[in-house]
Structure formats: structure tokens, C-alpha cells
Number of protein chains: 2
Amino acid sequence: LKNNDKDLFREEFLDLHPTDQSEIFKQMGEVKRKKVYQFLSAEEFSQLFKGLHLHEQKQIFTELDDVYVLKMLKELPADEITDFFSEIPEHIASYLLNKMEKKEAENIKLLLTYQDHTAGSLMTTEFIKVSPHITAEKLMEQLRQEGMSAETIYYIYVVSEVDKLIGVVSLRELITSPLDRKVEQLMKEQVVTVTATTDQEHVSTIIKDYNLLAVPVVTSGDRIVGIVTVDDVMDVMEEEITEDIGEFAAVKGALDLDVNSLIATKKRLPWLILLLILGMFTAGLINFFEATLAEVAILAIFIPLIADMAGNTGTQSLAVVVRGMALNKIDSTAFWRLLKREIETGLMMGFVCGGLVSIVALLIPQGSPALGLIIGISLFVTILFSTLSGTVIPLIINKLKIDPAVASGPFITTINDIIGLFIYFSIATSLLHYL
Amino acid sequence: LKNNDKDLFREEFLDLHPTDQSEIFKQMGEVKRKKVYQFLSAEEFSQLFKGLHLHEQKQIFTELDDVYVLKMLKELPADEITDFFSEIPEHIASYLLNKMEKKEAENIKLLLTYQDHTAGSLMTTEFIKVSPHITAEKLMEQLRQEGMSAETIYYIYVVSEVDKLIGVVSLRELITSPLDRKVEQLMKEQVVTVTATTDQEHVSTIIKDYNLLAVPVVTSGDRIVGIVTVDDVMDVMEEEITEDIGEFAAVKGALDLDVNSLIATKKRLPWLILLLILGMFTAGLINFFEATLAEVAILAIFIPLIADMAGNTGTQSLAVVVRGMALNKIDSTAFWRLLKREIETGLMMGFVCGGLVSIVALLIPQGSPALGLIIGISLFVTILFSTLSGTVIPLIINKLKIDPAVASGPFITTINDIIGLFIYFSIATSLLHYL
């Protein structure tokens, strides 16, 4: 590229896997990038373009002329184009849609109507469908022709005249069966399907549990409208991991290693300030009980212990609930069963930890049976309540469809701190005359 | 099954997808299970057996006789057998290995030697390999014969006479190309590979990034020894999610919704007790500074605030590092760059939060400029140190190959609480005469 040697560059670069091409391309500055556009045809560049992140695609897109873009779009699968179009300004997207082939454009317009995070938004319309009446040999012939433009040829979907999905044939079955066999004899009639509105995490669970390479998306009338393939679903799982971590660390969208400290600060600081404001309540609470604290100064030394344990038990319950929600396992029966179990668990853990800490409070130099009792009961009640709030708060927030980041670990921890300290000082104040 | 009607049961049950068969089977009691063993052949049962979890497989296994088990094992892919054999008592595994076909047994013995969490432990040896010199037509013939016993036929690996991997042909390319074309003309020579010792998370990243259905496992001499398929990797990603959550919640292996409260308590309580003991240090620390606290009681009200903010900033940094480690992105250059960024981020976030809290401490009724200064500086230093410890501690623990659960959110939070409170009281004590 340095020597402006087009042939040498093409020879070496095109020999690489498209994913590696993308990786190298990402490192290039604008001058080098412009040379790549010249040296590669739009068709070749489309392979590389696929491997870029959406925000990179958006930037690169502004550097390309219309003709090149349209040629490139022709090579991209419909689901990739849809993802990309939903990111760029609407008027540019509709301008491009008008210039595209009509059938392809219709397709993409349809895909654009599906909501984010659903099977509809993940699916592609480039799948292979056949009539049940043709022979294996005929089908092989069809695959030979359509094979290169479909997203996958490893599953062939068998449809009736009205596009109703009636079966599926895997390419493996097709290949290992006699050539004169009819498709209807080969196909499996029990097809695992999803609908366009199925949540993307549910789609990924289905593909994983049934060990599929793709799952068909059908309408309520069993008409097949698209397929979701396993590679789309892997990206969903990746997203899910990042989301889950966000729920434990109040760092929504700030997990990138490559951003500089200014951007990292900008993304994390708002959360910290929110937590700081919430944390002020703990200060207010202790201030409210100042009289009690002034009378029995020793109470202060257990403040962080109570707060920590409230946070820890809450986070444990939160983890169970977050995992359960991700796996779609919490319906209303499961909720009540889970709540009952968490209460019992909280009672037992509270009893043991409360017991332990009361012994310690009894044995320290300034200790007394009354102090042991206060701290023991407080920790017991705190752990019980924290288990509950760690279970219930994320579920409520999920139900209310509030941004789940608000139910993240640090928020629940801070709320539990407030509850825990309130319990601690209330019990201490009411038992004050025994101290 | 209730009516003992074998034919009806077989007809309805075998019509289901094996994954659904497993789900139904899991709900059955012992009596019903025994009937299933009678009604289904070992070959049919093997499909269902695959869909069970390892601990379920282990239990079911004790209910089956040897002949049935051996027949069933014959139908299972080598990687499934290996997983299962590494779970059952060694003498039973070697007894079964002796009874199995010699070639198959050798295979599994080899697979059993690979370490957990590596490509070697995930891979299967049932892949399709061909010579580069045969034609597409010949290869199709070979697929027709071997197709059913291989784990995947969608990638065909091209090997030299000494089993050296020299290329790969996808079934899609094979099908869409002329029948008289030679394999060596069809194959891609740039093959993405892993070795048997490659970490499983790295394998899953490769399959995801390159959109593969399988990746070949090669020796240092490029000899192909097995393949890892996309479905194995999805299970790895699932595991990874659970692990990541464990790192934030100290609930290692206790995320199951279905266990009762006694088991949940048994799994979570040890972590809580460990954290309780660690939390005792916070009590000891405040006790150590009791003289300061007795003199300026108002200091107590900011204890939970300092502790909370220490925990929150630490958890944010931890999230970044855990994600980076999972994606294999933190080498030694990246480490120093990350450390620098986190220090800068900590400085900025500390400055803003410290500033805010010092204004509050100045404005409250019992407030004073000195109090504002103490709490502001303390929070600033605490946030800086917590950012650091949240970055460095998990990396050190990872380097030392200690169980990463010890670097989980609650542990880092408690350690940061201790550091934060020490900073707070040290600063307060040294500035005491200004208050």
C-alpha cells in the first residue's frame, strides 16, 4: 500500500480472511483507507465492510461515493444492510433505498419495521425454500444455483404453495439420501420456530438448546418470513454478557478498553454522582440518629460492617434474579417460589451471620451482652431485608420497563445500606437503656 | 406411558425433537424412566441422553445396564463421551473403555488427556478429511457415506498424506462448483486454526469473529487432530456469562433457581462468612481511630458514604478489567495503557465527587470549611485508590492463578472500604486541630 503497488496489495490483502482484512483496515488512517477504496472493487470491499462495527461502518460510509456504496450494498446480506440503515440518517437511508433494486429495497423496508432486540431485527430474508414435491436431485440442482446468495444452505425450508412452513431438510440429510427421494419424504415435520417479535435472548436460547445452525421466523399463520442464523445469535450472547456486567457495575456502555480517560470519565461519572447523591441519604440517616451515636460511640465501629453485609447479600440475590431473567425462567409461579426460597435463605444466612457477629461484639474489650444482642439482631434483620430487596427490586424495575441499569449492583447496594443502617440504629435506639 | 402402551408412546415420543424428549424425561420419576429404557432402543435413547446435563447423565447412568450403555455410547459423539467419562468414577470409565471398540476407545483416551477449559477438551475427532487430489464428485460420494457419523459435514478439511492440514472446503462451495473440479482447486488455503491448549474462551472468540461453524484443532506441526463446533462454543459462552456474574456477586455456582433454600444457603453462606470476617477489619479500623471519632462525632455520618463510593468506583474498574480479560485483550502493553487511563479517570472522577461532597459538608448545619476539606480530600484519594485496586487486584489474582472468585465485586468492595476508611480517618486525624 505504501508503494502504491495495486497488484501486490490486492494479491496479499485478498488472500487474507475478511475478518483479518477488517482488522487491518481499522488501523489505517484516512489516506490509506482512500487507497483501499481505489484498489478494491465494491464487491471485494463489501466483505471487509461486514466485519466492521456499526459505528465504524457509519464513518467509512461518509468517505464512499454513491455508486460504490450501492454496488457494495448489493453484496451484503439483508440483515446487515438493515442494521446499517437503522443507524444512518433516515433521509440518506431512503435515498439509498430508492436507488436499490426494488425487490431488495422492499425486503429491507420490511426488516426495518421490526423492533430492536427481537427475532425480526436479527433475521435475514435470504434463505432457501422448496416445494415438498421435488426430488433430492432437483433440490441439489436448485442449491447449486441459489447456494451462493443465501445466508445458509445447510437448512432447506419446505413450504406449501402459500409459503406455509411444513418441514425442514438439512443439507446433511439431503446429501446422504438417494437422489430420487422426494423432499416430502426427507423432511422433518417438527420444526422449531420463533416469531418476529420473539425476544432475541429467547432466540439465542432456542438455537443453543436445540443445537441449531438457524431457526426460521414465522408469522402467526406459520408463513415463513426469514431465518436467524447462529452467528447473529453469538453476537447477541456477546451483547448479553456486556449487559449483565453493566447490571452489576453501573458502567453501562463504558466497558471499552480503547477509549481515553476523558471518555471513560464522561461515561462513568454520571453514575457515580447519582450514587453519591443516593449515598448522602446514609449520611442523613446517621445524622438523624446522632443522639444515639453520641451516647454509645461504640456503635459507630459496626456501621461499615452492617452496610457491607447488606450490600453483599443483596448482590447475591440480584445475581440469581438477573441470571433467571436472562434465561427467561421467571414467570409468576417461579417468582413466588423464588421469593419464598430467598426469604428462607435470608433467614438462615441472617441467623448464622448475626450469631457470629454478636459473639464477636460480646468478646471485644468494649463489648457487652446488650451490644452483642443489638448488632446480632440488626445483622439478622438486615440480611433478611437485603435478600428480599435484591430479589424484588430488579424484578419490579424489569416489570416497569425502566432502564435495568438503575437496578444494578451499586444501586441495590446503596439502597440496602440505607435500609440496613436504619434497622441498626432503630434497634440500637430502642434498646439504648440496656447499654 | 401410563397405559403401558409401547407403540403409542414410541410414536408420539420419537416424533419430538430430542431436546424436547430430554426436557420431558427430566420430569419423570424412576418408575417412568425405567419404562423409557425398555420402550426405547439404546440408539434412540442416546439422542435424549445427549440433551441432559452432566450431573443428570451421571445419575441416569447408574440405572442402566452395561449392554445398553455400550450400545448407547456407540451412538454418542466422542466429545460427549469424553465429557461424561471425566465425570464418572475412573474405574468405571476404564471398564467401559475396555469394552468399547478399540479405535473409539483410543480416541477417547486421547481426548481425556486434554485439560479442562482448553480447545482439546471441547473438540471431537469425528470430522471429515480428504486428499487434495480427488474430484468434487468423489468427495460428494465420500460425504454420502461418512456424512452421518461426522460431527459436521459442512466443512471438509483437506490434508496431506501425513495428515497435515493444507486447506478447507465448505460444503456450500463444494455444492456450487462443477463436479470435475479437484479439491485442491476448490479449497481455501488460509485456514483459521487453534491448538489443543488454546483457552476455550479464545476458541469461542475466534469462531464468533470469523463467523465459523467449526474450527480445526492442530498440533504444532499443523497436523489436524480434531474440530471444535459452534454448538460446543455456545455452551462455553453460556458458562462464561455465569462465571462473569460470579465475579460480581460472590455466588460461585449458586445461580440455580431450582435448588431449595438449604442448598442455596449452603452455597452462599461460606462467601458471606468470609466477607463478614473481612468486614470485621473495618470495625477494627474505626475502633483504632476511636479517639478521633469521639472528639469529632460528626465524622461518623460520612462513614457509609466513603465506603459506598470506594466500592462503586472499584466495581466500575473491575467490570472493565473482567470484560477485557474475557476478551483476551489485556497483554502487558494494554495493561500499562489501561493503568494510566484508570489513574487519570480516577483523578477526574475523584476531583468532581470530592468537590461535590465538600460543598455539602460545608453547607450542612454542623458543617465547616475544615470538615468540607477533610471529607473532600478523603473522597478524592479514596476514589483514586479504589480505581487502582479495582484494576490491579483482579489482574494480579488472575496472574497468580488463584480462584478468580476471590477477586469478585464484594471482595474488592470490602478491601476498598478498608482502604477508604483508613484514608478518611488518617486525614481527619491529621487535620483534627482545624476542626
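In the predicted model, E173(B) and K188(B) form a salt bridge whose closest N and O atoms are 3.2 Å apart; a salt bridge is here a side-chain nitrogen of Lys or Arg within 4 Å of a carboxyl oxygen of Asp or Glu. E173(B) belongs to helix α12 (residues 171-175) of chain B and K188(B) to the loop between α13 (183-186) and β4 (194-195) of chain B, so the pair ties together parts that are 15 residues apart in sequence. Helices (H or I, at least four residues) and strands (E, at least two) are DSSP runs, numbered from the N terminus. K188(B) is partly exposed, its relative accessible area being 48%; with a 1.4 Å probe and protein chains only, buried means under 20% relative accessible area, exposed over 50%, and partly exposed in between.

Residues are numbered from 1 along each chain as its sequence is written, and chains are lettered from A in the order in which they are written. Because the model is predicted, local features need pLDDT of at least 70 and side-chain atom pairs count only at pLDDT 80 or more, whereas totals for chains, interfaces and linings use all residues; side-chain values use heavy atoms, with hydrogens and water left out.

Over all chains, the structure holds 28 salt bridges. One of them joins K34(A) to E30(A), with the closest N and O atoms 3.1 Å apart. These two residues are four residues apart in helix α3 (residues 30-39) of chain A and are therefore separated by about one helical turn. Both ends are partly exposed, K34(A) with a relative accessible area of 39% and E30(A) with 44%. In chain B, the side chains of K74(B) and E101(B) meet in a salt bridge (3.8 Å, N to O). This pair links distant parts of the chain, 27 residues apart: K74(B) is in helix α6 of chain B, and E101(B) is in the loop between α8 (90-99) and α9 (102-112) of chain B. Both K74(B) and E101(B) are exposed.

Apart from neighbours within four places in sequence, F85(A) is in contact (heavy atoms within 4.5 Å) with residues including L73(A), A93(A), L96(A) and I108(A). In helix α3 (residues 30-39) of chain B, the buried residues are R33(B), V36(B), Y37(B) and F39(B).

The contact takes 113 residues from chain A and 114 residues from chain B. Two salt bridges are found across this interface. The side chains of E342(A) and R268(B) also meet in a salt bridge (2.5 Å, N to O). On the side of chain A that touches chain B, helix α16 (residues 261-288) of chain A gives the most, with 17 residues.
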